[in-house]
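Please look over the sequence and the structure below before reading on. The briefing that follows begins with a question and then goes through the topics in turn.

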Amino acid sequence: MEKKKRNKLFRVLEILLFAVYLAVLCYFLFIADRMGRTYSERVYHYNLMPFKEIVRFWTYRQTLGFWSVMLNLIGNVAAFIPYGLFLPRLFSSCRRFLLTFVLAFEFSLCVEIIQLVWKVGSFDVDDILLNTLGGAFGFLIYRILVWVKGKSGGESCGMEEKNEKKKSL
């Protein structure tokens, strides 16, 4: 009975952490002034050509500065790693790489469309690519954690894949 209670509490905490993660992510993607999300006097910009902004940021990294380049390139990947990590933890159907990859893509596309419609941030196909890559990295981290847990034979913390064949990857 004690183990069942602990697992239930752990599950509730995971759901709560995922909700907090999504709320913080939405704040930074749609609201935060420091991230350049408000445009009162500026013309709205968008990018529909893949790799255009990635190449531009890398080419002009000296001019733009280290933090701007890291925030755009690494930040877009890092922001979606938790998404790819939480999905298979919370939803057993997401324990397949392709599904988690597609969901990360769709969520990122929704974010970019909202930015386009609300004219906050900027619609950028490169952000979709980088965010989706982050979701894929998150899934791979999940798989590594499952593998390590299986190798260690440690006590369960919800990382097991109950009665599921290794359909992932």
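Is the crossing of helix 5 and helix 6 left-handed or right-handed? The crossing of these two helices is right-handed, a term used when the near helix is turned clockwise from the far one by less than a right angle, anticlockwise being left-handed. This is a predicted model, in which local features need pLDDT of at least 70 and side-chain atom pairs count only at pLDDT 80 or more, while totals for chains, interfaces and linings use all residues. Residues are numbered from 1 along each chain as its sequence is written, and side-chain values use heavy atoms, with hydrogens and water left out.

**Overall make-up**
- The protein has 7 helices and 2 strands, where helices (H or I, at least four residues) and strands (E, at least two) are DSSP runs numbered from the N terminus.
- Along the sequence, these elements follow the pattern α-β-α-α-α-α-α-β-α.
- Of the 169 residues in the protein, 36% are buried, buried meaning under 20% relative accessible area, exposed over 50% and partly exposed in between, with a 1.4 Å probe and protein chains only.

**Helix 5 and helix 6**
- The axes of helix 5 (residues 81-90) and helix 6 (residues 97-118) come within 10 Å and cross at roughly 130°, which makes helix 5 oblique to helix 6; angles under 35 degrees count as roughly parallel, over 145 as roughly antiparallel, 65 to 115 as roughly perpendicular and the rest as oblique.
- Tyr83, Gly84, Leu87 and Pro88 of helix 5 make the contact with Thr100, Leu103, Ala104 and Phe107 of helix 6, contact meaning heavy atoms within 4.5 Å.

**Aromatic residues**
- The whole structure holds 13 aromatic pairs, counted when ring centres of Phe, Tyr and Trp (its six-membered ring) lie within 6.5 Å, with planes under 30 degrees apart called stacked, over 60 edge-to-face and the rest tilted.
- The rings of Phe30 and Trp118 have centres 5.8 Å apart and planes at 70°, so this pair is edge-to-face, and it links distant parts of the chain, with Phe30 in helix 1 (residues 2-31) and Trp118 in helix 6, 88 residues apart.
- Phe30 is buried at a relative accessible area of 13%, whereas Trp118 counts as exposed at 56%.
- One aromatic cluster is formed by Phe18, Tyr21, Phe80, Tyr83, Phe86 and Phe107.

**Positive phi values**
- Phe51, a residue other than glycine, has a positive phi near 75°, and Phe51 is found in the loop between strand 1 (46-47) and helix 2 (52-59).
- Lys119 is likewise not a glycine and has a positive phi of about 55°; Lys119 lies in the loop between helix 6 and strand 2 (123-124).

Technical notes
Axes are lines fitted to C-alpha atoms, for helices over the stretch in contact, and angles run from 0 to 180 degrees between N-to-C directions.
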